[in-house]
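Morning, everyone. Please take a look at the structure on the screen, and then we'll walk through it.

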Amino acid sequence: MTRPEAIATGGLETERYGHLSRHLVASGYALVAPPVLQPVEPFLELSGEDIRRRIFVTQDAAGAELCLRPEFTIPVCRHHQASRPGQAADYSYLGPVFRLAAGESDEFVQAGIESIGRTDTPAADAEVLGLALEGLELLGVSDAAIRFGDMGLTQAFLDALKVPPVAKRRTLRAIAAGRPIAGLANAAGAEDPHAGLLAAIQGQDPKGVRAFVEDVLSIAGISRVGGRSAGEIAERFLAKAAMQAQGGAGLNEDNRGLIERFCAIAGDPDRALADLRGLTREAGLADAGLEAALALFEERTGFMAARGLPIERFRYAGGFARNLDYYTGFIFEATRAGGSAPLVGGGRYDGLLQHLGSAEPLPAVGCAFWLTRCVQSA
């Protein structure tokens with residue numbers, strides 16, 4: 001197990017890192033040290049083949065692909081699966097991670113926490129954010145600006161608008177990338193490179209389509225494409241075909257306008273919630289899932305206030321989104337006032353454990369500190 005004092009950094013940095021790690025352990029998050037070498041497949045499945053350009057990949061004697069861990073969340077979750085499957089546990093970590101980033105070292109020290117299996121979602125979210133701010137204080141950062149969002153709320157809003165699955169995914173990706181959604185309307189159609197295939201499988205038996213795609217990839221000797229299995233690729237084709245049959249992306253002018261207004265909502269949690277409820281009423285969205293997401297937002301804010309967190313300094317941003325294959329709910333990041341590089345960031349990823357093989361869904365939330373940035377900003 002990695003000891004906080006064993007991290008190879010300068011004297012002041014080592015001392016601060018050790019203070020942070022001991023504080024996280026004292027808060028109930030057991031220190032773990034997952035192996036540096038990790039299977040590459042989970043990272044590709046969740047982030048796509050593009051991540052290959054930013055990570056360090058090798059092979060073992062049997063030819064299986066491994067990588068130097070580019071982050072800790074997946075390795076900690078794999079550790080949990082191997083040691084305490086199906087149970088609740090809280091973990092902390094401190095150690096090096098390896099990935100290419102413009103203007104920064106390709107090896108840097110990261111600390112963080114992962115809370116797995118807690119069902120008191122709003123309280124767990126507030127606790128992780130509170131520990132993130134306490135950690136920044138220990139690292140010498142007292143004036144961080146906090147921005148947060150909610151992937152679950154964003155998805156619930158799109159569901160309430162009845163945006164079809166493929167259009168919903170494209171919309172979420174556009175929001176996460178900061179791209180306008182106007183160009184997504186009717187994105188599937190004659191210009192789609194797979195338009196002929198999509199037309200051919202419309203209305204066909206889904207089992208037959210899956211078998212066809214699996215057979216074609218098998219003949220070509222391909223097991224996965226961009227981290228997706230043959231079955232997952234078939235599902236995407238079926239969803240696109242259904243969308244094409246509905247006449248395109250399903251984003252009419254009214255829906256686009258509502259989504260743009262949703263993304264423009266910003267402010268402290270209380271003000272943002274009032275604006276979100278106002279937009280929901282104005283749009284006539286009487287949807288149980290959306291109401292549940294708004295109630296969770298309100299309850300989370302209550303737990304933040306109960307912990308004494310300065311919620312008046314927090315800024316919700318409707319257009320703040322992250323990788324939808326990873327995050328499922330509350331997300332946040334802290335930056336130096338006036339800065340843009342995150343010092344600490346994290347959020348809720350309720351689907352990850354099941355993706356890694358858990359027999360049942362396990363809620364999870366965590367955060368990671370970019371320690372070098374924190375110390376340089378102090």
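Let's start with a question. Does helix 5 pass helix 6 in a left-handed or a right-handed crossing? The crossing is right-handed. Keep in mind that this is a predicted model.

Stay with that pair. Helix 5 covers residues 151-160, and helix 6 covers residues 165-177. Their axes are 11 Å apart, and they pack at an angle of about 140 degrees. Angles over 145 degrees would count as roughly antiparallel, so helix 5 is called oblique to helix 6. Who meets whom? From helix 5 we have Thr 154, Gln 155, Leu 158 and Asp 159. They meet Lys 168, Thr 171, Leu 172 and Ile 175 in helix 6.

Next, helix 4, residues 121-138. It has 18 residues, and at 1.5 Å a residue they should span 26 Å. The end C-alpha atoms are 26 Å apart, so the two values agree. Of those 18 residues, 15 are buried, so helix 4 is largely enclosed by the rest of the structure. After helix 4 comes Gly 140, with a positive phi near 95 degrees.

Now a strand. Ser 92 sits in strand 5, residues 89-98. Ser 92 is buried, because its relative accessible area is 1%, and buried means under 20%. Among the residues that Ser 92 touches are Leu 24, Tyr 29, Gly 112 and Ile 113.

Last, cysteines. A disulfide is a covalent bond between the sulfur atoms of two cysteines.

Terms used
Residues numbered from 1 in each chain as written. Predicted model: local features only at pLDDT ≥ 70, side-chain atom pairs only at ≥ 80, totals over all residues. Heavy atoms only, no water. Helix = DSSP H or I, 4+ residues; strand = E, 2+ residues; numbered from the N terminus. Buried < 20%, exposed > 50% of the residue type's maximum accessible area, 1.4 Å probe, protein only. Contact = heavy atoms within 4.5 Å. Expected span 1.5 Å × (residues − 1). Axes fitted to C-alpha atoms, helices over the stretch in contact; angles between N-to-C directions. Parallel < 35°, antiparallel > 145°, perpendicular 65-115°, else oblique. Left-handed = near helix turned anticlockwise from the far one by under 90°. Lists of a residue's contacts leave out its neighbours within four places in sequence.
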